[in-house]
Amino acid sequence: EYIEKILSNTKRLSSLVNNVLLLSKIENQQIQPHRETYDVTEQIRETIVALEPSWSPKNVEFDVDMDEVEYYGTESMMHHVWTNLLGNAIKFSPDGGEIKISLHKNQSDVVFSIADNGPGLSEQAKKHLFDKFYQEDTSHKAEGNGLGLALVKQIVMSEEGSVEVENLKEGCRFTVRLPYRK
């Protein structure tokens, strides 16, 4: 039992240190973007599958509407974006909840959105959501460190994109817009 606790806390500490270092490098522009063309649709599908141990026990359903999109960007960094946004949607979805994911390309943008039917966000939370170490919902404090959405914002900005959040009737929706580059 003690070994399990030690291993669990070691993983959390390792994740915290890695996130702090990555965020620091991005903010200080120490990571030069290595852009290449890759299949962002497949990357998102792989992220959903990789997070199956989180959503399966909660019986979360997915409503997925994605175009096949080739994107010219930093593949390894964008993986963090999808993992954080999807992980948060799973974390805040109720048992038996539904997560809606869409990915579409228009003339100038690639637009990704993810919506859950969780508790939504207070106005206070929306103001500080992308701040480092901010966590409004203390009931999930053990599951995170308040760096995920700060990382998302920095990575998306490094790709010259934007990320927005809005409350829905039930839950909230995050929308990521990335410039379409060939």
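Thr41 is buried in this predicted model, with a relative accessible area of 0%. Thr41 belongs to helix 2, which spans residues 40-50. When its neighbours within four places in sequence are set aside, Thr41 is in contact with Met66, Asp67, Glu68, Val69 and Leu103. At the start of helix 2, the backbone nitrogen of Thr41 is also approached by a side-chain oxygen of Asp39, which reaches to within 3.1 Å.

The buried residues of helix 2 include Thr41 together with Val40, Gln43, Ile44, Thr47 and Ile48. These residues lie on the same side of helix 2, because they cover an arc of only 165 degrees around the axis. An α-helix has 3.6 residues a turn, so residues three or four places apart point the same way. The exposed residues Val49 and Ala50 are carried by the face of helix 2 that is turned away from the buried side.

Five strands form an open sheet in the order 2-4-5-7-6, and their pairing is mixed. Strand 2 (61-66) and strand 6 (162-167) each have a single partner strand and stand at the edges, so one side of each is left without a neighbour in the sheet. On average, neighbouring strands of this sheet are turned by 10 degrees against each other, direction ignored. Strands of a sheet pair through backbone hydrogen bonds, either parallel or antiparallel. Strand 2 and strand 4 (residues 98-105) run parallel and are joined by six bridges. Within this pair, Val64 stands opposite Ile101 of strand 4.

Notes. Residues are numbered from 1 along each chain as its sequence is written. This is a predicted model: local features need pLDDT of at least 70, side-chain atom pairs count only at pLDDT 80 or more; totals for chains, interfaces and linings use all residues. Side-chain values use heavy atoms; hydrogens and water are left out. Helices (H or I, at least four residues) and strands (E, at least two) are DSSP runs, numbered from the N terminus. Buried means under 20% relative accessible area, exposed over 50%, partly exposed in between (1.4 Å probe, protein chains only). Contact means heavy atoms within 4.5 Å. The arc is that of the directions from the helix axis to the C-beta atoms. A polar contact is a pair of N or O atoms within 3.5 Å; within protein, one must be able to donate a hydrogen and the other to accept it, and residues adjacent in sequence count only if both atoms are side-chain atoms. Two strands pair if DSSP finds at least two bridges between them. Axes are lines fitted to C-alpha atoms, for helices over the stretch in contact, and angles run from 0 to 180 degrees between N-to-C directions.
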